[in-house]
Amino acid sequence: MDNVLLQVILARCAESRQQNERLRSLLPATAPVSVRVDFARCAIDLALEHHSALIRIVEAGEYGAAGALLRPILEASTIGFWFVYAALPEEIERLQLDGSDNPIHDVPQLSAMADRLVSTFPQIKSMVEGFKKGGAAKWLHKYAHGGTPQLNRRSGPGWTEADVMLMLVRADIFSALAGCLETVLVPSPCLSRYAFARRDRLGEELHQKFGAPQVPPQPHGLPAAPLLDRCGPPREG
């Protein structure tokens with residue numbers, strides 16, 4: 001990749017970095033209130049950390065490793081939404097809180113979480129369908145686990161400018177959604193104004209530059225979460 005294209009990518013990385021830093025600066029500093037909310041916030045934080053790491057890896061020119069982080073960013077964001085909107089109290093109560101690397105009970109798989117969220121967010125039904133065998137969203141799994149989309153980009157023309165730019169836009173969208181979720185946990189006008197406007201701009205960028213379907217106007221807010229007060233005290237420690 002020549003220097004001109006590299007500079008274009010680095011400029012787009014700077015935009016992604018600005019988003020990450022802005023979201024982090026706007027997240028409210030609040031004490032844990034329940035296992036549900038505590039874990040939701042941990043998921044938001046993890047999504048933003050993965051997003052920051054992806055940017056650094058793109059800046060290093062290691063595009064395959066960066067692509068492998070797209071699914072973890074989306075997964076962390078979805079975990080946050082699952083805790084806020086879908087996880088039953090008994091599901092949360094079964095989770096191990098001792099830091100074990102091999103818990104008996106854990107959060108569901110990405111496709112299962114997304115399926116549970118369709119009733120609250122009907123617009124993600126197409127994504128749920130895409131996770132099925134042969135579906136349009138299986139590329140997420142293939143990038144994360146070294147499938148042919150990854151292998152084919154290690155020969156021939158390799159990763160093109162368009163490939164890398166699309167990766168950054170997708171990563172920005174997934175992490176922006178995590179930022180939007182925080183506004184349900186604690187109302188924050190500043191975070192709401194930034195996160196939802198950023199989500200909309202990224203959706204338009206995806207449509208104009210990469211031919212993705214145009215997303216109809218979305219509200220600058222998320223549905224109320226009636227489950228938030230139904231799951232015990234915060235984790236200890």
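F81 and Y85 are both buried. They share helix α4, which covers residues 70-85. Four residues separate them, about one turn of the helix. This is a predicted model, and the report below takes its side chains theme by theme.

**Aromatic rings**

A pair of aromatic rings is described by the distance of the centres and the angle of the planes. The structure has 8 aromatic pairs. F81 and Y85 form a stacked pair, because their ring centres lie 6.2 Å apart and their planes meet at 20°, under the 30 degrees that stacking requires.

Other rings form a group. Y63, W139, Y143 and W159 are linked into a cluster by ring pairs. R170 lies over the face of W139, 3.8 Å from the ring centre. R153 places its charged end over the ring of W159, at 5.3 Å from the centre.

**L177 and its surroundings**

Beyond neighbours within four places in sequence, L177 is in contact with S77, F81 and R199. L177 belongs to helix α10, residues 161-185. Is L177 buried or partly exposed? Its relative accessibility is 28%, so L177 counts as partly exposed. L177 and R199 are 22 residues apart along the chain, and their C-alpha atoms are separated by 7.1 Å.

**D172 and its surroundings**

D172 lies in helix α10 too. D172 has a relative accessible area of 0%, so this residue is buried. Which side chain makes a polar contact with the side chain of D172? That of H51 does, at 2.7 Å. The contacts of D172, leaving aside neighbours within four places in sequence, are R12, S16, Q19, H51, R198 and L202. Two residues in that list, R12 and R198, return below as salt-bridge partners of E15.

**Salt bridges**

Side chains of opposite charge can pair when their charged atoms come close. The structure holds 12 salt bridges.

| R12 | E15 | 3.8 Å |

Start with the local pair. R12 and E15 both sit in helix α1, residues 3-26. They are 3 residues apart, about one turn of the helix. R12 is buried, at 4% relative accessible area. E15 is partly exposed, at 29%.

R198 is buried, with a relative accessible area of 6%.

R41 and E182 are both buried.

**Cysteines**

A disulfide is a covalent bond between the sulfur atoms of two cysteines. How many disulfides does the structure hold? The count is 0. C42 is in no disulfide, and the nearest cysteine sulfur, that of C231, lies 14 Å away. A disulfide requires the two sulfur atoms to be within 2.5 Å. C42 counts as partly exposed, because its relative accessibility is 33%. C13 counts as buried, because its relative accessibility is 0%.

Conventions: Residues are numbered from 1 along each chain as its sequence is written. This is a predicted model: local features need pLDDT of at least 70, side-chain atom pairs count only at pLDDT 80 or more; totals for chains, interfaces and linings use all residues. Side-chain values use heavy atoms; hydrogens and water are left out. Buried means under 20% relative accessible area, exposed over 50%, partly exposed in between (1.4 Å probe, protein chains only). Rings of Phe, Tyr and Trp (its six-membered ring) pair if their centres lie within 6.5 Å; planes under 30 degrees apart count as stacked, over 60 as edge-to-face and the rest as tilted. Helices (H or I, at least four residues) and strands (E, at least two) are DSSP runs, numbered from the N terminus. A charge sits over a ring if NZ of Lys or CZ of Arg is within 6 Å of the ring centre and within 35 degrees of the ring normal. Contact means heavy atoms within 4.5 Å. A polar contact is a pair of N or O atoms within 3.5 Å; within protein, one must be able to donate a hydrogen and the other to accept it, and residues adjacent in sequence count only if both atoms are side-chain atoms. A salt bridge is a side-chain nitrogen of Lys or Arg within 4 Å of a carboxyl oxygen of Asp or Glu.
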